[in-house]
Amino acid sequence: MQKLEDDSPMPYGKYKGRAMEDVPAAYLLWLVDNQRASPEVIEYVKENQDVLDKEIKENAKPDF
């Protein structure tokens with residue numbers, strides 16, 4: 001299993017070839033939640049969960 005770093009290319013899917021740090025957090029979490037993530041992507045998400053959660057929170061629309 002090759003470890004993914006922030007500058008590693010996304011190995012597949014809609015964002016294939018983009019740096020992992022540029023793949024939207026919501027997409028990465030969707031892959032994991034829907035059991036479509038490879039073991040490498042799952043590990044990347046686990047290692048970066050705090051950053052991904054922060055991105056999700058910052059992009060959330062306020063409830064009015």
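This is a predicted model: local features need pLDDT of at least 70, side-chain atom pairs count only at pLDDT 80 or more; totals for chains, interfaces and linings use all residues.
Okay, let's start on the inside. The largest nonpolar core has 15 residues, and the ones touching the most other members are M10, L28 and V41. Where does the largest share of this core come from? That would be helix 1, which puts in 5 residues. Helix 1 and helix 2 each give at least two. As general background, nonpolar side chains in soluble globular proteins tend to be buried together.

Now to the surface. There's a negative patch here, made up of E5, D6, D7, E21 and D22. Let me pick out two of its members. D7 sits in the segment before helix 1, and that helix runs 25-33. Is D7 buried or exposed? Its relative accessible area is 63%, so with exposed meaning over 50%, D7 is exposed. E21 is also placed in the segment before helix 1, but its relative accessibility is 49%, so E21 counts as partly exposed. While we're on E21, have a look at V51: the two are 30 residues apart along the chain, and their C-alpha atoms are 9.8 Å apart.

Last stop, the loop between helix 1 and helix 2, the latter being 39-47. Most residues other than glycine have a negative phi. As for the side of things facing out, Q35 has 74% relative accessibility and so counts as exposed.

That's my tour, happy to take questions.

Technical notes: Residues are numbered from 1 along each chain as its sequence is written. Side-chain values use heavy atoms; hydrogens and water are left out. Patches are made of residues with over 30% relative accessible area and no salt bridge: like charges are joined within 9 Å, nonpolar side chains (Val, Leu, Ile, Met, Phe, Trp, Tyr) within 5 Å. Accessible areas come from the Shrake-Rupley method with a 1.4 Å probe; for residues, only the protein chains shown count as cover. A salt bridge is a side-chain nitrogen of Lys or Arg within 4 Å of a carboxyl oxygen of Asp or Glu. Lys and Arg count as positive and Asp and Glu as negative; His and the chain ends are not counted. The place of a charge is taken as NZ of Lys, CZ of Arg, CG of Asp or CD of Glu. Helices (H or I, at least four residues) and strands (E, at least two) are DSSP runs, numbered from the N terminus. Buried means under 20% relative accessible area, exposed over 50%, partly exposed in between (1.4 Å probe, protein chains only). A nonpolar core is a set of buried Ala, Val, Leu, Ile, Met, Phe, Trp, Tyr and Cys residues joined through side-chain atoms within 4.5 Å.
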